[in-house]
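Thanks for sending this one over.

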Amino acid sequence: MTDQPVPDIRPDVPHGARIWNYWLGGKDNYAADREIADAVSAVFPEIVDMAFKSRQFLTRAVRFLAGEAGIRQFLDIGTGLPTMQNTHEVAQSVTPEAKIVYVDNDPLVLAHARALLVNTTPEGVTEYINADYHQPERIVEQAREILDFSQPIAVLFMGVFGYVPDYDEARSIISRVVDAVPSGSYLALWDGTSTSEAVVRGAQAQGELGSPYALRTVDEIRGWFAGTELVEPGVVPVTLWRPADVEVGQAEHIDAYCGVGRKP
Ligand SMILES: C[S@@+](CC[C@H](N)C(=O)[O-])C[C@H]1O[C@@H](n2cnc3c(N)ncnc32)[C@H](O)[C@@H]1O
């Protein structure tokens, strides 16, 4: 799947994956991306911390899914540019035979996937599909060539739905994928929440520069898990989802909420 042709990369048009890469300290971004990223962090400096803390949630969630939950198959939609601790690296470090299908619609992600989203174990499978999540049936159809849809699959939508202004449309995308996976599968996601004035100002700045990102309420994030059984601790800030270290003192505020739900 990674031999799909790479569409033109447009450095002059800001892209979500590259803006995110800049906040994560990566080098795969252009001036147009950095202009927006800097404008957001000028009014909402916590965005950089949010980028790192949400990646740490991804790592903990995938470790839980591959370990305690016994999941062997992952469908990671809205992958982002490869960074440290990508889904396949975490999953295959726990379960060497884990199969991972990545999905994104950014041409630069596709270009990097060929080199960087590759197996870390001989038994594992790591594939990439260049697709738009607005067409979930097409994603499922292509993923069926790699994953066994009679066995549980963890579906990941990590920080991807701000690009979908309509809440119900995002919910429909999620349910159309979750409907296609069997009982015992999981949904894991996080997204930005309108839980402080600063994050709202940051989103406004991003929108004014032509790259809007819709924030949700915590209840809206919870609503995306309808039909699944949330595992402990439920929908919480990304820093509070099964933190690895013993937290001492007050938990810091973060405008990003997450959860992991099991399809009954
Ligand atoms: C904020 S980044 C998050 C990346 C990664 N999931 C993470 O947690 O670090 C959002 C990602 O969603 C992808 N994305 C945005 N719209 C998409 C669409 N319509 N179809 C597929 N991917 C999309 C972007 O290209 C980008 O890589």
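1. What covers the buried residues of helix 5? Please keep in mind throughout that this is a predicted model. The cover includes helix 1 (16-23), strand 2 (99-104) and strand 3 (125-130). Helix 5 itself spans residues 107-116, and the residues buried in it are Pro-107, Leu-108, Val-109, Leu-110 and Ala-113.

2. Have a look at the start of helix 5 as well. There, Asp-106 brings a side-chain oxygen to within 2.8 Å of the backbone nitrogen of Leu-108. Leu-108 is also one of the buried residues of this helix.

3. Now to the ligand. It is surrounded by 18 residues, and the closest are Trp-20, Gly-78, Asp-104, Asp-132 and Met-158. The space that the ligand takes up is the largest pocket.

4. A polar backbone atom of Gly-78 is 2.7 Å from a nitrogen atom of the ligand. The side chain of Asp-104 has an N or O atom 2.6 Å from an oxygen atom of the ligand. For Tyr-133, a backbone N or O atom lies 2.9 Å from a ligand nitrogen atom. On its own the ligand has 600 Å² of accessible area, and the protein covers 95% of that.

5. Next, Gln-92. You will find Gln-92 in helix 4 (residues 87-94). Is Gln-92 buried or exposed? Its relative accessibility is 2%, so Gln-92 counts as buried. Apart from neighbours within four places in sequence, Gln-92 is in contact with Ala-98, Ile-100, Asn-119, Thr-120, Thr-121, Gly-124, Val-125 and Thr-126.

6. Thr-121 sits in the loop between helix 5 and strand 3, and it counts as buried because its relative accessibility is 14%. Which residues does Thr-121 touch, not counting those up to four places away in sequence? They are Gln-92 and Pro-96. A polar atom of the Thr-121 side chain lies 2.5 Å from the backbone oxygen of Pro-96. A polar atom of that side chain also lies 3.1 Å from the backbone nitrogen of Gly-124.

7. Some backbone geometry is worth checking. Most residues other than glycine have a negative phi, and most peptide bonds are trans. Gln-85, although not a glycine, has a positive phi of about 55 degrees. Gln-85 lies in the loop between strand 1 (73-77) and helix 4. With a relative accessibility of 38%, Gln-85 counts as partly exposed.

8. The loop between strand 7 and strand 8 (256-262) holds Arg-242, which counts as partly exposed at 29% relative accessibility.

9. Finally, a peptide bond. Where is the cis bond that involves Pro-233? The bond runs from Glu-232 to Pro-233, with omega near 5 degrees. Pro-233 is in the loop between strand 6 (229-230) and strand 7 (236-237).

Terms used: Residues numbered from 1 in each chain as written. Predicted model: local features only at pLDDT ≥ 70, side-chain atom pairs only at ≥ 80, totals over all residues. Heavy atoms only, no water. Helix = DSSP H or I, 4+ residues; strand = E, 2+ residues; numbered from the N terminus. Buried < 20%, exposed > 50% of the residue type's maximum accessible area, 1.4 Å probe, protein only. Contact = heavy atoms within 4.5 Å. Polar contact = N/O pair within 3.5 Å; in protein donor to acceptor, adjacent residues only side chain to side chain. Near = heavy atom within 4 Å. Areas by Shrake-Rupley, 256 points an atom, 1.4 Å probe, with all protein chains shown as cover. 1 Å grid on protein atoms, 1.4 Å probe; cavity = no way out; pocket = protein on both sides within 12 Å on 5 of 7 lines; lining within 4 Å. Sits in = over half its atoms within 2 Å of the grid points.
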